[in-house]
Amino acid sequence: MTLPRIALAAVAAIAIPLAAMAADADRSAILKRYADLARAADSGFAGFSAARGETLYRTTWAGSDARTPSCMSCHTSDPKQPGRNAKTGRPIDPAAVSVNPQRYTDLTEVEKHFARDCKSVLGRDCTPQERGDYLTFMIGQ
Amino acid sequence: MGQFWMPGALGLLVLIFSTAGHAGGKFVAPVTDAATQKACGECHTAFPPGLLPARSWAALLDDLSDHFGEDASLSMDQAAHIKDYLVTHAGDAPGGQGLREFMRWVAPSGKPRRITENPAFLRKHDFPARVWQAPDVVTKSNCQACHAGAAQGWLDDD
């Protein structure tokens, strides 16, 4: 290894984990915000659950648009796989954080997609509890 | 762009020769604005602005809460920026790169919403139902399903 390559490897060895840590911190901040909102809505709030998030993901809600009865309509039964927008055909990057580490790091983006997709799948807004459960499920995937 | 004015077999012949430069490809100026590309492109093809007149883009951007049945609302700033970009690059924008072949079908005060209903589009996409029903296609507006270079403006004859 030449010196520049060692330097590059060193930079990568530091920068890649740092980026991952930054993404984790961003996700934690978003989860904390949802936890605060959930607690404000229900004093009995007892944290988020990946299992409940998975149920939310796999439930056939059929709440609104016939093309999107479930999260799986676009994101498939395996969130680690790429999906496809059931309305437009556009490919969608995997929803699972393990294969898509930049997911859920921008609150504005996360809120935009919950607002649109909950309306389209459930036919209503998702509660802060549901948003946190969903994210907890995807963070573990 | 003169070839698009000629109808029928002669027009087709000219089209074949005029597009030979890029593997039968046709270049339609794509979206070059990053914010527009992101906001439109995260749900569907970021359609080339030259395929609709300015008044169509303005109407679409003013009505994002009912965007073909979807609530595609953006912040006011974002919507205003994207509207400005699409209107200034629209098919009928002065000095623009609009596609006359598409624009000539648009009625003088017409405000079409769907590019896929333009007779110019339909003429080029006269396929049997099984083509449209292929699992990767989903809708006629999914350009990339068949045109791999659509995002870069290449709408070749795949």
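Guide: Chain B contains seven helices and zero strands, where helices are DSSP runs of H or I with at least four residues and strands are DSSP runs of E with at least two, both numbered from the N terminus. This is a predicted model, in which local features need pLDDT of at least 70 and side-chain atom pairs count only at pLDDT 80 or more, while totals for chains, interfaces and linings use all residues. Residues are numbered from 1 along each chain as its sequence is written, and chains are lettered from A and ligands numbered from 1 in the order in which they are written.

Along its sequence, chain B reads α-α-α-α-α-α-α. Of the 158 residues in chain B, 25% are buried; a buried residue has 20 or more other C-beta atoms within 10 Å of its own, an exposed one has 12 or fewer, a partly exposed one falls in between, and C-beta atoms are placed from the backbone.

Where chain A meets chain B, the contact takes eight residues from chain A and eleven residues from chain B; two residues are in contact if their C-beta atoms, placed from the backbone, lie within 7 Å.

Now the single residue. A:Ala96 sits in the loop of chain A between β2 (91-92) and α4 (107-121). A:Ala96 counts as partly exposed because 19 other C-beta atoms lie within 10 Å. Apart from neighbours within four places in sequence, A:Ala96 is in contact with A:Pro79, A:Lys80, A:Met138 and A:Gln141. From A:Ala96 to A:Val110 the separation is 14 residues in sequence and 14 Å in space, C-alpha to C-alpha.
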